[in-house]
Amino acid sequence: MLGDIETLERDIACGLEVIAKGLQERYVEFQQVLPMAEEDIVMKVQDLGNKIEEKFKQADSFIRETSGLDSSGEKPRLAISTQDRILRKKLSELSECRQLLDKIQEIEGLLIASRADNVGVVTEAKNLIECETQLNEITKDDGWPILTGRVRDILRDEISYTMSSLKYKLSYGFDEFISYPSTEVKGTVNMHIRNENPTEMGQLRIAKKILTKWNAAHATVMLVHAFLIPEPTKLLTALSLLGEVDGRLKKWSAYIVKNFVQPILDSADGNDPYERYVVTSSTAEFTASSKVRPSMKGISVEGVISALKRLFSNIASAIHGIEVNGRPLPLCLGQFLQDDLMGMFLKQCVAASVPVPDPEGRSLNSAMETAESFRMDMIKLGFFNDSTPTFKAFSEQHFTVFIDRRCLEVVRRAKELICMPYLELAEIGSGEEVSEETILQYKEAFGKPLPKSSTSCDTVYPVLLQLPRCKVSKSTVDLMELVFTTLEDSINTDNEKLAGRLALTARNILQLFELTAPRHHGTAISSMPQMAAIFYNNCYYICHRLMMMPFGILKNVEKSSPKYASFRPILSDSLWKLREIAADMMEQMMRQCRRDISVMMNKDALFVKIDDLERCDETKDVLNGCLMHVQNVAHLLKEVLAEMVYSQTMANIVSFLLDSICDVILRMEDIRSVDADISAKMIDTLLSQLGPIFMVNGRSSIHEVCSTSYFRTKEIIFCLKGSLQSIDDRWCSGKGPLAQWLQASEVRSLIKALFMNTEQRRQLLDSIF
């Protein structure tokens with residue numbers, strides 16, 4: 001039996017060599033026109049399979065016989081088991097060969113069927129796909145190298161070539177089905193749909209393309225099949241089976257959207273002077289403008305929908321009855337059109353046609369109802385179906401159109417509030433004095449229901465967190481209400497995209513204030529002190545509201561939630577920016593006030609020869625002018641600023657005035673006694689008149705907020721009115737009050753200017769160092 005199997009193996013090896021050589025001649029050397037019938041290889045493979053099957057039956061009988069001999073004991077058990085093992089191994093190898101031969105036979109049979117003259121492209125595509133599947137099941141680990149190596153490689157190349165040639169034939173057929181010829185009219189586009197088999201000239205053109213794409217041997221074989229371009233349904237079904245239809249339909253839908261839908265939306269009313277749709281039983285021509293100027297009358301949703309219905313009605317007529325693997329072609333095309341068409345229509349037509357503001361949403365609802373009627377029309381035409389989302393559901397899923405519109409409306413309103421002039425003011429904060437609080441009082445304050453706004457109910461907060469009473473612009477209060485309303489909507493919504501966009505919009509409002517407000521109100525701030533003070537209060541009011549946010553709108557939000565963790569960081573960076581802007585604007589105002597005082601003080605010999613009535617009046621006018629300027633600024637600032645901010649601001653201005661007067665006195669090289677007396681009285685009177693500016697709770701705090709300049713001025717007045725002995729006593733060897741506020745060089749300069757050169761003056765000057 002083993003000898004018979006070895007003989008069969010030699011026959012199989014010879015047969016496989018013949019099969020490999022036949023495949024080599026047919027698929028590598030391209031000898032398809034030889035007299036050998038195509039079925040010879042298949043018959044050879046079948047004969048080998050039959051021989052193997054017959055040998056299997058004989059081996060099965062032999063194994064049963066040997067098993068009987070083993071039980072009767074006629075042969076040694078060891079010899080029988082060894083022979084049986086070898087035999088079973090040989091049979092296993094033959095079984096593998098039989099399975100490989102079956103697959104080779106099936107693949108070759110499918111290839112022969114694909115080359116038949118009457119085979120359709122759908123059947124050919126299915127055959128080639130099955131060939132690939134069968135070939136992929138053959139691996140080099142299966143044994144029989146001639147089958148898993150040489151034969152497999154030849155068949156793989158042939159299947160790949162046949163598959164590529166079919167794809168090219170179908171590709172050129174699709175180009176005949178949908179084409180985009182050039183037009184003679186500039187600024188127009190054209191689309192051609194052919195709902196019939198190509199003409200004889202068209203077939204020849206396709207054959208010529210294949211000849212240029214493939215070498216002569218390949219092209220000669222494919223010419224017969226190139227003339228058999230199938231009808232559109234079979235063409236698209238075959239492309240679908242090969243996985244080529246989706247990409248082509250996607251490009252087709254993109255062309256329709258870009259060159260036909262987009263111009264209609266751009267026109268705003270659907271009117272196109274070059275629109276021409278001609279549909280017949282076999283062909284369809286679509287011509288339209290590539291760009292359309294928008295209508296000056298505004299957007300007409302009905303006009304746009306009417307133009308879109310004309311376009312898609314004609315496309316539906318042109319491709320009526322065509323299917324893709326059992327599905328209507330309009331529905332397959334609509335699958336790729338859906339998102340772009342609905343998104344563009346909502347954004348460029350519906351959203352753009354709705355007026356802003358639209359408080360009750362009537363215009364938006366009307367536009368959405370019209371859009372929904374367009375969706376129903378598209379369902380009737382076959383481009384959409386019942387599973388296509390409504391325009392409302394689509395907008396909720398993609399949200400960008402109406403979220404953007406909502407956020408832009410918020411930003412537009414915020415810009416209006418930011419640019420409003422500071423005419424209407426609102427009083428905010430608490431006027432109570434700061435007092436100590438116990439922990440229980442602090443806890444009790446947070447246990448109370450906190451207000452939405454801190455404009456009038458700031459007293460419910462602990463004293464530590466209360467904003468001092470001041471005035472801000474009403475527009476800024478409304479701006480913060482808008483910010484907090486936007487944040488509340490962001491907290492309350494379950495849509496993550498909407499929540500994120502609203503939170504970002506709130507941040508954008510603050511950044512818009514930081515960038516716009518200083519520039520827009522810059523002229524008023526630099527020229528009117530009260531405007532600068534209001535702007536300063538506005539900035540700190542915004543900071544105060546932001547810092548109170550965790551105790552307000554975020555009070556009921558879990559601290560572990562993403563919203564609580566994200567809201568505070570995105571807004572906290574505005575705190576230092578607003579404080580910096582507020583300080584810059586206030587410094588600009590104070591710089592301008594100091595500049596005005598410098599101009600008024602810029603008078604030669606201000607305190608010289610003031611015993612003359614005319615010069616005395618001039619000096620008084622200068623000091624009175626400075627005083628009135630300071631009082632006017634103080635009156636404007638006191639109305640709006642908090643007490644502490646007001647005191648520090650006026651301290652800066654008054655200190656500059658007093659320092660300027662001190663510098664004038666200290667620069668004088670010779671001061672007459674009469675000038676000294678009159679100057680001391682004038683300056684002392686000025687000090688007494690400046691005191692009420694800092695009146696807080698019934699007493700003046702000028703000596704606290706302007707301590708350095710105030711006491712320097714007082715010491716200079718003392719020196720102007722005093723004697724050498726009194727100055728010596730006041731200096732007290734560098735330990736007296738005179739030494740505390742004036743430097744030694746300044747005291748020496750005063751003494752030299754006030755007193756004659758005497759021994760007493762020399763001794764005093766020597767003691768001051």
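**Entry 1: Leu-690 and the cores**

I started with Leu-690 and skipped its neighbours within four places in sequence; Leu-690 is in contact with Leu-627, Val-630, Val-654, Leu-657, Leu-658 and Ile-702. By contact I mean heavy atoms within 4.5 Å. A note on the source: this is a predicted model, in which local features need pLDDT of at least 70 and side-chain atom pairs count only at pLDDT 80 or more, while totals for chains, interfaces and linings use all residues. Residues are numbered from 1 along each chain as its sequence is written, and side-chain values use heavy atoms, with hydrogens and water left out.

Next I looked up the core. The largest nonpolar core has 113 residues, and Met-650 and Leu-690 touch the most other members. Domain 3 (413–449 + 465–587) and domain 4 (588–767) both contribute residues, so this core lies between them. The domain bounds come from an automatic or database domain assignment. A second, separate core holds 79 residues, including Val-121, Val-151, Phe-260 and Ala-367.

For my own reference, a nonpolar core is a set of buried Ala, Val, Leu, Ile, Met, Phe, Trp, Tyr and Cys residues joined through side-chain atoms within 4.5 Å. Buried means under 20% relative accessible area, exposed means over 50%, and partly exposed is in between (1.4 Å probe, protein chains only).

**Entry 2: Whole-protein numbers**

I then stepped back to the totals. The protein has 29 helices and 10 strands. These are DSSP runs numbered from the N terminus, helices being H or I with at least four residues and strands E with at least two. Of the 769 residues, 47% are buried. Among contacts in the protein with a separation of 6 or more, 77% are between residues 24 or more positions apart.

**Entry 3: Cysteines**

How many disulfides does the structure hold? I found 0 disulfides, taking a disulfide as a pair of cysteine sulfur atoms within 2.5 Å.

**Entry 4: Aromatic pairs**

I counted 14 aromatic pairs in the structure. Rings of Phe, Tyr and Trp (its six-membered ring) pair if their centres lie within 6.5 Å; planes under 30 degrees apart count as stacked, over 60 as edge-to-face and the rest as tilted. Phe-177 and Trp-252 have ring centres 6.2 Å apart and planes at 75°, so I logged the pair as edge-to-face. Phe-177 lies in helix H5 and Trp-252 in helix H9 (residues 245–267), so the pair ties together parts that are 75 residues apart in sequence. Both Phe-177 and Trp-252 are buried.

The pair of Tyr-710 and Phe-711 is edge-to-face as well, because the ring centres are 5.2 Å apart and the planes stand at 80°. Buried or partly exposed? Tyr-710 counts as buried at 15% relative accessibility, whereas Phe-711 counts as partly exposed at 26%. I also noted one aromatic cluster, formed by Phe-174, Phe-177 and Trp-252.

While on helix H5 (residues 145–177), I looked up Thr-162, which is found there. Thr-162 counts as buried at 10% relative accessibility. Leaving aside its neighbours within four places in sequence, Thr-162 is in contact with Glu-124 and Leu-128.

**Entry 5: Strands**

Which order do the strands take in the open sheet of 4 strands? I read S1-S2-S4-S3, with antiparallel pairing. Strand S1 (178–179) and strand S3 (276–279) stand at the edges with a single partner strand each, so one side of each is left without a neighbour in the sheet. Two strands pair if DSSP finds at least two bridges between them. S3 pairs with strand S4 (residues 283–289) over 4 bridges in the antiparallel sense, and Val-278 stands opposite Glu-285 in S4.

Strand S7 (residues 425–428) was next. Its covered face has Ala-426 and Ile-428, and its uncovered face has Leu-425 and Glu-427. S7 and strand S8 (residues 470–473) run antiparallel and are joined by 4 bridges. The bridge partner of Ile-428 in S8 is Cys-470.

**Entry 6: Lys-752**

Lys-752 counts as partly exposed, at 44% relative accessibility. Lys-752 and Asp-670 are 82 residues apart in sequence and 7.5 Å apart in space, C-alpha to C-alpha. With neighbours within four places in sequence left aside, Lys-752 is in contact with Glu-669, Arg-761 and Leu-765.
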